[in-house]
Amino acid sequence: MNPIFAGLPTTIFEVMSSLARETGAINLGQGFPDDAGPEDIRRQAADAVVNGSNQYPPMLGVAELRQAIADHYRRFQGVSLDWEREVMVTSGGTEALAAALLALVQPGDEVVLIQPMYDAYLPLVRLAGGVPRFVNLTPPDWRLTEANLAAAFTPRTKLVVLNNPLNPSGTVFTREELELLARFVARSGARVVSDEVWEHLTFDNRRHVSVLALPELRDRAVKIGSAGKMFSLTGWKVGLVCAAPELLKVMGKAHQFLTFTTAPNLQMAVAFGLAKDEKYFDDLRQGLAAKRDRFAKGLIAAGYKPLASEGTYFINVDLAALGETDDVAFCQRLVREAGVAAIPVSAFYAEKPVTTVARFCFAKKDETLDAAIERMAAYARAATS
Ligand code: PMP
């Protein structure tokens with residue numbers, strides 16, 4: 001069997017979720033909202049199942065959705081795309097990542113990965129034969145700097161995988177940071193795979209800057225989006241891929257043997273969703289920012305030290321402030337003794353992990369967040385008494 005997969009442990013998300021099920025804990029580990037999602041978009045999908053086509057759609061995605069993707073990014077991110085040659089639909093951001101990495105990495109290529117990182121990146125880079133080089137971001141700010149980029153880039157760097165906004169840290173990279181990255185990319189003639197699935201979830205008036213909006217990266221970057229995150233429908237798995245024709249063409253060849261297509265009805269409903277006005281996306285952002293604030297306030301009152309969350313569904317707690325030295329042990333105790341599941345951030349590093357941060361998902365009903373805070377407050381009281 002392939003050791004890349006045979007040697008992988010069960011993901012921490014599954015470990016914590018099954019512990020949460022076993023113990024009846026409130027699950028703030030895995031990142032998904034606990035509401036049903038926008039009814040109008042779900043009705044569009046239902047209608048497309050009953051009245052629309054259920055046969056293989058075009059390999060690159062239905063024309064309606066590819067046009068809607070190009071229109072959406074023109075409106076929201078100032079990116080101009082040729083929908084016929086620069087846009088592809090995949091089965092989730094995950095398939096888009098697989099298609100991009102399998103298509104763009106050759107055996108022996110150095111690939112820069114920015115830690116903490118989403119767990120799919122490293123096995124896919126290894127599968128493609130890439131040689132990982134890590135940029136280490138550290139709390140409390142998790143910023144990209146000249147020094148941490150210089151430690152990973154070499155003249156042999158062929159690709160960089162960027163995640164912006166960054167899961168699990170909740171960092172939204174600024175235009176200046178992206179320009180700094182672009183200088184390193186240009187120096188080594190590399191390409192960028194930019195995982196922007198959290199693009200609409202940026203808080204406090206921060207605006208997402210896509211790699212494709214930077215002229216230096218426009219033709220050397222692949223942008224990946226996910227309808228699941230934009231519409232709070234994480235099970236839908238509709239991925240949005242944009243890149244210059246030369247890159248998209250090769251990724252299309254990988255996509256044809258990964259899944260070939262994605263359910264046409266969901267594609268039609270996502271096209272409807274992408275055409276929504278600014279207000280839908282503002283409300284989404286504001287609704288989540290309010291949840292973040294409610295949860296952070298509760299954490300502070302309960303004696304925990306939350307770190308800043310600039311975007312995503314996640315907020316982190318600084319465990320060093322509690323005198324903790326091991327985030328895995330803390331999360332194991334928290335789920336068993338407090339009844340709240342979180343994710344240790346060390347799980348997002350392949351080497352030299354930061355081990356004193358735990359990630360909590362706040363995309364939950366207010367009463368769920370309040371109940372979690374109550375349990376964590378009782379746990380903190382018991383720990384200090
Ligand atoms: N990239 C990142 C950074 C994510 O957080 C996620 C989902 N949690 C994905 C990719 C996967 O997206 P999808 O569910 O559309 O496959």
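The model is predicted, so to speak of local features a pLDDT of at least 70 is needed, side-chain atom pairs count only at pLDDT 80 or more, and totals for chains, interfaces and linings use all residues. Residues are numbered from 1 along each chain as its sequence is written, and side-chain values use heavy atoms, with hydrogens and water left out.

Most peptide bonds are trans, and most residues other than glycine have a negative phi. Against that background, the bond from Pro139 to Pro140 turns out to be cis, with omega near 5 degrees. Pro140 sits in the loop that runs between strand E4 (131-136) and helix H7 (146-150); here helices are DSSP runs of H or I with at least four residues, strands are runs of E with at least two, and both are numbered from the N terminus. Another cis bond links Asn164 to Pro165, with omega near -10 degrees. Pro165 is found in the loop between strand E5 (157-163) and helix H8 (175-188).

Then there is phi. Lys237 isn't a glycine, yet its phi is positive, near 55 degrees. Its place is in the loop between helix H9 (227-230) and strand E8 (239-243). With 40% relative accessibility, Lys237 counts as partly exposed, that is, between buried (under 20% relative accessible area) and exposed (over 50%), using a 1.4 Å probe and protein chains only.

Phe260 isn't a glycine either, and has a positive phi of about 75 degrees. This residue lies in the loop between helix H10 (245-258) and helix H11 (264-274). Phe260 is partly exposed too, at a relative accessible area of 32%.
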